[in-house]
Amino acid sequence: MGRAQTGAAETGSGEDTLDAALNNVEHQISLFWRRARSVSQQLSRQVHPDMEPAAYGLLAVIRREGPIRLTDLALNIGVGKPSVSRQIAFLESLGLVSKEADPLDGRAQAIRLTEKGEERMHQVQDARRQVFRERLGEWPVGELQTLAEYMAKLNTIYEHDGFAKDTSA
């Protein structure tokens with residue numbers, strides 16, 4: 001095989017290797033996403049038996065961000081305002097969130113966790129942290145930090161698609 005043919009073969013195998021690696025990443029992320037959705041389903045049911053995972057996600061953002069406008073909440077999770085509005089109405093009916101006048105703009109409303117909502121989220125998030133400790137507690141701290149760095153890098157890439165920047169760090 002001549003030099004030019006070897007280079008072409010290496011390029012082809014390089015592309016094959018890249019495709020295989022990307023396929024593996026896609027598979028692993030899909031698997032992780034399905035399992036994460038299942039865990040979110042279980043966690044949301046711990047807050048309330050009729051709660052959907054999307055509503056649990058809203059509670060987590062409200063808890064992290066503090067009082068937040070509906071528009072900002074929708075932007076933060078990357079869904080439409082009507083979807084968020086329906087979920088907030090459900091959470092409000094359960095007594096987990098309340099609306100109050102936004103101190104920066106009296107015409108707008110800020111959504112905050114109620115005392116009941118804070119208590120339920122505290123219980124559920126403590127349970128979630130315990131699950132992480134059980135699953136990942138044996139990993140070396142350096143590997144956990146590396147995993148977090150790679151996940152942060154991946155999440156940052158999606159900010160280019162219009163997803164809100166994560167400011168919780």
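## Angle convention and model

The model discussed here is predicted.

## Overall composition

The chain has 6 helices and 3 strands. Read from the N terminus, these elements follow the order α-α-β-α-α-β-β-α-α.

Of the 169 residues in the chain, 21% are buried. Among contacts between residues at least 6 apart in sequence, 49% join residues at least 24 apart.

## H3 against H4

The axes of H3 and helix H4 (residues 81-93) come within 9 Å of each other and cross at roughly 110 degrees. H3 and H4 are therefore roughly perpendicular. The crossing of H3 with H4 is right-handed.

On the H3 side, the contact is made by Leu70, Thr71, Leu73, Ala74 and Ile77, and on the H4 side by Lys81, Val84, Ser85 and Ile88. Sorted by class, the residues of this contact are 6 nonpolar, 2 polar and 1 charged.

## H2 and its packing on H3

Helix H2 spans residues 53-65 and helix H3 residues 70-77. H2 contains 13 residues, and the distance from its first C-alpha to its last is 18 Å, close to the 18 Å expected at 1.5 Å a residue. Its buried residues are Pro53, Ala55, Tyr56, Leu58, Leu59, Ala60, Val61 and Ile62. Glycine 66 follows H2 and has a positive phi, near 85 degrees.

H2 and H3 pack at an angle of about 115 degrees, with their axes 11 Å apart. This pair is therefore also roughly perpendicular, and the crossing of H2 and H3 is right-handed. H2 contributes Leu58, Val61, Ile62, Arg64 and Glu65 to the contact, while H3 contributes Leu73, Asn76 and Ile77. The contact of H2 with H3 comprises 5 nonpolar, 1 polar and 2 charged residues. Leu73 and Ile77 of H3 take part in the contact with H2 and also in the contact with H4.

Serine 44 lies in helix H1 (residues 3-47). With a relative accessible area of 0%, serine 44 is buried. Leaving out residues up to four places away in sequence, serine 44 touches Met51, Glu52, Pro53 and Tyr56. Pro53 and Tyr56 are themselves among the buried residues of H2.

Glutamine 125 is placed in helix H5 (residues 115-136). Its relative accessibility is 8%, so glutamine 125 counts as buried. With residues up to four places away in sequence again left out, glutamine 125 touches Tyr56, Ala60 and Arg63.

## Valine 97 in strand E2

Valine 97 belongs to strand E2 (residues 97-102). This valine is buried, because its relative accessible area is 3%. Valine 97 and isoleucine 62 are 35 residues apart in sequence, and their C-alpha atoms are 8.9 Å apart in space.

Apart from neighbours within four places in sequence, the contacts of valine 97 are Leu59, Ile62, Ile88, Leu91, Glu92, Ile111, Arg112, Leu113 and Thr114. Among them, Leu59 and Ile62 are buried residues of H2, and Ile88 is one of the H4 residues in the contact with H3.

Notes
Residues numbered from 1 in each chain as written. Predicted model: local features only at pLDDT ≥ 70, side-chain atom pairs only at ≥ 80, totals over all residues. Heavy atoms only, no water. Axes fitted to C-alpha atoms, helices over the stretch in contact; angles between N-to-C directions. Helix = DSSP H or I, 4+ residues; strand = E, 2+ residues; numbered from the N terminus. Parallel < 35°, antiparallel > 145°, perpendicular 65-115°, else oblique. Left-handed = near helix turned anticlockwise from the far one by under 90°. Contact = heavy atoms within 4.5 Å. Nonpolar A, V, L, I, M, F, W, Y, C, P; charged D, E, K, R; others polar. Buried < 20%, exposed > 50% of the residue type's maximum accessible area, 1.4 Å probe, protein only. Expected span 1.5 Å × (residues − 1).
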